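The following note sets out several points on the model under review. Please read them alongside the sequence and the coordinates.

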Amino acid sequence: MRVREKGDRGVVQSVVLFLGVSVLSGALAAGLAIPFAGLAGFTTEKTTQTLQDLPQQFDEVPLKQKSTILAADGSLIATLAEQNRVPVSLDKVAPIMQKAIVAIEDDRFYEHGALDAKGTLRALLQNQSEGTVQQGGSSITQQYVKISLVEKANTPAEVAAATADTYQRKVAELRYAIAVEKQYSKNEILEKYLNLANFGDGAWGIEAASLHYFSVHASQLTLPQAALLAGLVKNPTGYDPTNDMKRAKDRRDVVLRRMLELKVISLAQANAALRTPVINPAKVRPNKLGCANGPYPFYCEYVVSQLEDNKAFGKDRTTAANYLKTAGLTIRTSLDPKMQKAAQKSIDQHTKKGDQAIAAITIVEPGTGLVKAMVQSKPYGNKKGQTSYNYNVEKSYAGGYGGFQNGSTMKAFTIAAAIQKGFPLTYKINSPNSLPLGGKKWTTCTGHVTAEPGYTPGNSTTNVADPTMIQAAQRSTNTYFLQLSQQVGLCPIATIASKLGMYDAQSGDPLGQYPSMTLGVGYVTPLQLSNAYAAFAARGMYCKPWLVTSAKDASGKAVSTPGADCKQALAPEVADGVNEVLHMVMEPGGTGQHLKFGRSDLAGKTGTIQDAKAVWYAGYSSKLASAAVVADASPPYKRLVGQTLDGTDIREASGSGTAGPLWETALQGALQGLPTTHFTKPSDKTMRGNVKDLPFVNGMNPDDAANKLRQAGFDVEIASGTVNSEETAGTVAYTDPRQRDGAPEGSKVTIFVSNGSQKNEPDNTPKPPKTTKPPGGPITINPNCPPWNPKYPNCSGGGRGPG
C-alpha cells in the first residue's frame, strides 16, 4: 500500500522526532543517525527552511545496464559494462528474497513512511548489545536514495558529496526519501532498490547477483541463497563469498536468524539453511566484461572504437564510451563466426606460438563492406608472445597498428587506371630485367616528380621481354608497371586508390605520388586492402568497411548507427577488366597459380616490399575478398628471411609462398558452402582498349616521326641507342607500342632507331586471321585472342598472342 506524507509540516515533525530519538539514544556516538558536529543552533525554524529549499520530487537515476555486442548470428562477442546488471521486475524476484532483504535491512518497511524512528532506535540498541552492526538503521527507501545519489555522481567530488558524513546530506536524503515515498509504492521502491544495489564481485542488481553466484535467475533463489545475497548489501566486498567464505557464512547466518526471529521462516527451515554450503564454486560465473574477455578481442575493440566515434552515442568519445557501457545496448555486428573460424584455422595451421613474424587476415563481403572476419597470429594480452596491437586496422583507432607497406598489390590500382584511360589488356611495353629510370618524370595531381639519379629498378621474377598487361601482372613485372604508371600518370592511380579507401594507415594522409608508387607506397592494412579489392569483385562498387549492423537501447528502440555506405567508384567495365587481369594471376603462368582452389573464379595479386620485410597476398571471388600479410612488426624492422613462421626459419619470403597459403586456407574455408560464382567477362572494348591508330613511321627520320606522332596526340620518346632492323640505319626501326596495335590517346610511344642490320629483327608483319574447320563449319581465330584464355567469343581453341 502506498504511504504518503502530509506536507512539509509533517516532514519537519518527522525530522525533529528523528533528531530527538537519535540524540536520546546516543545515535551520535554509534554513527547510525545524523552526525551533529557543529549542529548548535540548528533550530526547528532552520530545519524547516533547509527542507523547504530541497526539491519536492526525486529524479530517478537511470539504471546502469550492461551492453552486449553480438556476432551476425546473435552469438555473444562481448559484454560491456561499468556495472554488471540485468534489471528485472519484482515479480521476477523470488518472494523469499524479498522477505530476506526486508528482514535484515528494514523489517518495518511496509509499515512506516520514509523515516522509521522506532526501527532506528531498535537497531541501535541491538547493535550496541551485540557489539557489531547487525541491523541497519536507515530505511530501504533511504538506502535507495543514497545509492541513487552516488550513481548520479559523475566525478570524484560529486561522489564525495553524495557520501559525506554531514547533517546536510542526511537531511537531504531524508527529504528525497519522503519524495520517493510519495512518488512510488512500497513494491516499486523495493524493486528499484534490488535492481540498483551492489551485491559484490562485480554483480549489480539482484538478477546479475543470482546468475553470478548461483547460476540461477532471481526468481529461482532458495532460502540460503537469498539470505546470502540479502547480507551482502551491507558490505559487498567484505561479505563476498569469493573473497572470504567464512565471513560470508557468518553474515548469511545472521540474516537467517533474523528471519527466524521475525517468524518469516520456521526453525526447521532455518536449521536446514544454516547447514547449507554458502556457494558451490563450480557454479560461480565469472564476470567476463569487456572485449579482452570475449572470443574476438581485436575485432571487438575495433567495433567499440568505431562506436565511440558515433555522435549518436555522445558528443565526445568519453561521453560515448560511458553511454556504451551503461545504456543496456544490444549491438549486432557483421562478424560471421563460421568465416572467423575458417580464418583462425588458417592462422593456427600456418603459424606457431612464439613466431617472430606476425600474420594477419581480414575477410570482407563485396557489395556491402561487411567485415566478416579479422584474425592475427599474436593473441591478445600483455604477456610475452601476446600483443594489444590490432595488425588489421589503421592507427587512428585505439590499438590499431597502422599497417605495412603493401608492395606490388598496388599494381591493381595501376591496372585500373590504365584500363580506365583506355589501355587494352593486350598493351605491350618492352620490359627488361632492369631499367634505368634516374631523372625520368612522372606526372602527379599537382605537377610532376622526378626519379632520383641512379634509380634502376629490376624484376624479381622471370619475365617476358615484351609482355602484355596480363602477362606483366601474371609475373608481377616491375619494369612494365613502372613504365605503365609513367604513361598513365600517378594522379589517376592515386585517385582510384583513394576512391577505394586507400590512404596511409599510419598518418591518415593520402598515399604519396612517387615514381615507385605502383610498387607499393605508404602503409596500408589488411582491412583497407581487402575492402579495396572487394570493389573490383563488386564491379566497381566500393563500400566503406561496415561492422555495426544495428544497435538497440534497453527498451528495444533503434539507436542510429551508420549503415551500408556504398558508391560506384569505378565503371563496371573497368572493374571487369581488372578482374580479368588479376584472374589470370591465378591461372597457369601466374604467381598465384598454386593458390587456386574450387570452381569459382578467383583473382589475386602478390606483394613484397623492399628487403621482404612484409609480404602480401590479396584476392577475391565475387562473394568474398581477403588480404593476408606476413611481416616483421617489431621495430627496427628486419627482413623476414631468417625469422620464424610456423615454428621454422623463413628461407625465402614471397607474397605467393609466404602470405599466399594463409590467404588460401582462410578464403577457401570461408567460401565453403557458398554458391559457385564467375566474374563478368570484359567487353570487347575493354579488351581492345580505347586506342587510336598510330601513324606509320617506320623508315622515317626519328625527329620527323616524333613530330608526326605528337600531332596525332601521343607523347613521344626516342630510345637511346639502336636496334637491329632492316630499315635504313638512323631511321625509325619500329615503335612501342607497335603501329598495328594502336595506343590510347596521350599515351607514350617510344621510337626505336635502326642500326641497319636485319639480325634479330622483331616480327612486325601483320598476320592474317587463322582459320580451322572443326565439325559444324569454320571458326575464325581472332589474332588478339590471348593464348592463355580461350573464353572470349571467336576465341575457341586458343590462338596466338598479338604480335
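1. A residue counts as buried when its relative accessible area is under 20%. The model is predicted, and this cut-off is applied to helix 19, residues 478-488. Since 11 of its 11 residues are buried, helix 19 is largely enclosed by the rest of the structure.

2. The buried residues of helix 19 include Tyr480, Phe481, Leu482, Leu484 and Val488, as well as Asn478, Gln483, Gln486 and Gln487. Their packing partners are helix 17 (411-420), strand 6 (441-443), helix 18 (469-475), helix 20 (490-499) and strand 20. Just after helix 19, Gly489 adopts a positive phi of about 95 degrees.

3. Strand 17 and strand 20 (residues 748-753) pair in the parallel sense, over 4 bridges. Val716 lies opposite Val749 in strand 20.

4. How do helix 11 (residues 223-232) and helix 12 (residues 245-261) cross, and at what angle? Their axes come within 8 Å and cross at roughly 110 degrees; helix 11 and helix 12 are therefore roughly perpendicular to each other. Contributors to the contact include Leu223, Pro224 and Leu228 of helix 11, and Arg251, Arg252 and Met259 of helix 12. The contact residues divide into 9 nonpolar, 1 polar and 2 charged.

Notes
Residues are numbered from 1 along each chain as its sequence is written. This is a predicted model: local features need pLDDT of at least 70, side-chain atom pairs count only at pLDDT 80 or more; totals for chains, interfaces and linings use all residues. Side-chain values use heavy atoms; hydrogens and water are left out. Two strands pair if DSSP finds at least two bridges between them. Helices (H or I, at least four residues) and strands (E, at least two) are DSSP runs, numbered from the N terminus. Buried means under 20% relative accessible area, exposed over 50%, partly exposed in between (1.4 Å probe, protein chains only). Contact means heavy atoms within 4.5 Å. Axes are lines fitted to C-alpha atoms, for helices over the stretch in contact, and angles run from 0 to 180 degrees between N-to-C directions. Angles under 35 degrees count as roughly parallel, over 145 as roughly antiparallel, 65 to 115 as roughly perpendicular and the rest as oblique. Ala, Val, Leu, Ile, Met, Phe, Trp, Tyr, Cys and Pro count as nonpolar, Asp, Glu, Lys and Arg as charged, and the others, Gly among them, as polar.
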